[in-house]
Amino acid sequence: MEIKGCILPWVHIHGNMSGKYKVCCYNDLRTDPLLDLGDSTQSFMEVWHGDPYKEIRRKFLAGEIPRQCYEPCFKKEELGIVETPKNNANRFWGNYAPLQKTLTPPAPIYIDFRFGNICNFRCRTCGSRSSTSWFKEAKELFNEHTEVKENWDTETFWKGLELIYPNLKVVYFAGGEPLVLEQHYRVLEYLISKNKTDINLQYNTNLSNLHFKDYDLVSLWKKFKKVDLWTSCDGYNQVCEYTRKELVWEEFDRNVDIVKNYITSISSVVSIFTIYSMPDLILWGKKKNISIFGTTLISPKQYSLQILPDVEKEKIIEYYKTFIKENKKILNMGELRHIADWLRYIKGSLPVEEKSQLEKLFKKHVSIIDRSRNENFTSVVPQLADWYDSIKI
């Protein structure tokens with residue numbers, strides 16, 4: 001049976017850091033409350049069988065595109081990009097296509113709840129909404145005021161988990177930073193206490209903390225059927241230290257070696273900051289025998305590769321042509337497909353006026369953060385120095 005649209009609304013439920021149910025984590029980039037499917041005061045099943053979720057499913061079955069799904073997936077596919085969240089989900093969950101025969105499928109089998117915004121990094125493409133470490137800087141630099149978010153550690157959540165845990169197949173953890181969130185460890189211990197360890201644990205983690213309080217993380221992982229880490233790493237070495245403030249490359253490299261058997265891939269945000277560094281990251285991954293999965297950034301929009309002028313885009317394309325030519329003997333089809341997707345995304349255009357505004361916003365934000373951190377964009381990404389210097393604000 002062929003999947004219509006996206007399978008996720010029939011298998012997956014997602015609760016974001018703000019305590020809102022969304023169709024998936026990529027929809028977190030959209031803050032429009034009309035796109036929420038419920039909130040943390042409601043039980044899993046109340047939301048799962050509620051009218052907003054049914055409407056998402058109805059649209060997919062009718063061949064329509066839900067508004068919240070267009071930019072993260074369908075807009076990219078219009079550019080010829082293959083590796084979209086929708087396509088990846090449909091491949092992973094393809095055997096569950098028969099669930100699309102109903103608008104009210106059984107309980108979700110794949111859950112992703114973001115227990116809080118506690119994080120020890122200040123990533124350039126993130127912010128105070130998703131990281132407590134950003135709070136002080138965001139207030140001083142941008143007058144942003146954000147609170148610690150812990151919306152899912154509630155009686156409603158734990159009662160809901162009690163109802164659906166027997167059928168779970170996948171539990172996904174992200175943050176904030178999941179390895180410094182105590183609720184994450186409590187969920188693991190809960191599942192172990194219920195003898196529900198025949199599941200796949202999946203993580204998006206910065207891998208900076210392999211020890212938290214009295215928890216022995218690796219010992220906990222050994223009790224589960226499968227553990228997959230998608231380790232976050234935006235660029236290689238100096239670039240990664242610039243994009244992911246607080247990351248120390250040598251420590252990251254060492255931790256990768258410690259838990260290498262659990263790492264499925266290194267997940268990287270492909271943005272203005274990282275585009276010239278991705279080839280070095282790919283070659284580093286080849287030495288580790290770890291694949292690199294790069295997702296083109298769509299938000300914050302001022303960091304998107306699509307705001308670059310055409311002349312810079314052509315330089316990037318030529319840079320990758322040279323990289324592929326020099327390394328064609330060692331690059332596999334998956335890596336070539338990823339690179340092709342990044343370059344297709346780069347070719348996407350924006351209205352001239354919007355692009356000009358986003359360029360100015362890029363330089364404004366980067367220069368402010370650079371001064372605060374005593375860093376320099378053009379020393380880290382010298383290939384874009386001429387473009388950066390030409391932007392007038």
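Is Arg344 buried, exposed or partly exposed, and what is its relative accessible area? Arg344 is partly exposed, with a relative accessible area of 33%; here buried means under 20% relative accessible area, exposed means over 50%, and partly exposed lies in between, for a 1.4 Å probe and protein chains only. The structure is a predicted model, in which local features need pLDDT of at least 70 and side-chain atom pairs count only at pLDDT 80 or more, while totals for chains, interfaces and linings use all residues. Residues are numbered from 1 along each chain as its sequence is written, and side-chain values use heavy atoms, with hydrogens and water left out.

Arg344 takes part in a salt bridge with Asp341, at 3.1 Å from N to O. A salt bridge is defined as a side-chain nitrogen of Lys or Arg within 4 Å of a carboxyl oxygen of Asp or Glu. Side chains of opposite charge can pair when their charged atoms come close. Arg344 and Asp341 are both in helix H14 (residues 333–346), 3 residues apart, or about one turn of the helix. Helices (H or I, at least four residues) and strands (E, at least two) are DSSP runs, numbered from the N terminus. An α-helix has 3.6 residues a turn, so residues three or four places apart point the same way. Asp341 is buried, its relative accessible area being 4%.

By the same rule, the count of salt bridges comes to 30. Another of them joins Arg122 and Glu246, with an N to O distance of 2.7 Å. This pair links distant parts of the chain, 124 residues apart: Arg122 belongs to strand S5 (residues 122–123), and Glu246 to the loop between strand S11 (244–245) and helix H11 (249–258). Arg122 is buried at 17% relative accessibility, whereas Glu246 is partly exposed at 38%. Glu64 and Lys59 also form a salt bridge, and their closest N and O atoms are 3.5 Å apart. Glu64 is partly exposed at 33% relative accessibility, and Lys59 is partly exposed with a relative accessible area of 23%.

Strand S12 (residues 263–270) has 6 buried residues out of 8 and is mostly covered. Strands pair if DSSP finds at least two bridges between them. Strand S10 (residues 226–232) runs parallel to S12 and is joined to S12 by 4 bridges; in this pairing, Leu229 has Ile263 of S12 as its bridge partner. S12 is also joined to strand S13 (residues 291–296) by 6 bridges, again in parallel. Within S13, Thr296 is the bridge partner of Val270. Together with helix H12 (residues 278–288), S12 and S13 make a right-handed β-α-β unit. A crossover is right-handed if, with the strands pointing away from the viewer, the path from the first strand over the helix to the second runs clockwise.

Helix H15 (residues 352–373) has 22 residues, which at 1.5 Å a residue should span 32 Å; the end C-alpha atoms are 31 Å apart, in agreement. The expected span is 1.5 Å times one less than the number of residues in the helix. The buried residues of H15 include Leu358, Glu359, Phe362, Val366 and Asp370. Asn374 follows H15 and has a positive phi, near 55 degrees.

In soluble globular proteins, nonpolar side chains tend to be buried together. A nonpolar core is a set of buried Ala, Val, Leu, Ile, Met, Phe, Trp, Tyr and Cys residues joined through side-chain atoms within 4.5 Å. The largest such core has 115 residues, and those with the most contacts inside it are Leu201, Trp221, Phe362 and Phe377. Helix H8 (residues 182–193) supplies the largest share of this core, 5 residues. Contact means heavy atoms within 4.5 Å. Apart from residues up to four places away in sequence, Phe377 touches several residues, including Phe362, Val366 and Asp370.

Two loop residues were also examined. Leu207 lies in the loop between strand S7 (200–205) and strand S8 (211–212), and is buried at 0% relative accessibility. Beyond neighbours within four places in sequence, the contacts of Leu207 include Leu229, Phe252 and Ile263. Ser40 is located in the loop between strand S3 (38–39) and helix H2 (44–48). Ser40 is buried, with a relative accessible area of 15%. Residues up to four places away in sequence aside, Ser40 touches Gly19, Tyr21, Asn151, Trp152 and Thr156.
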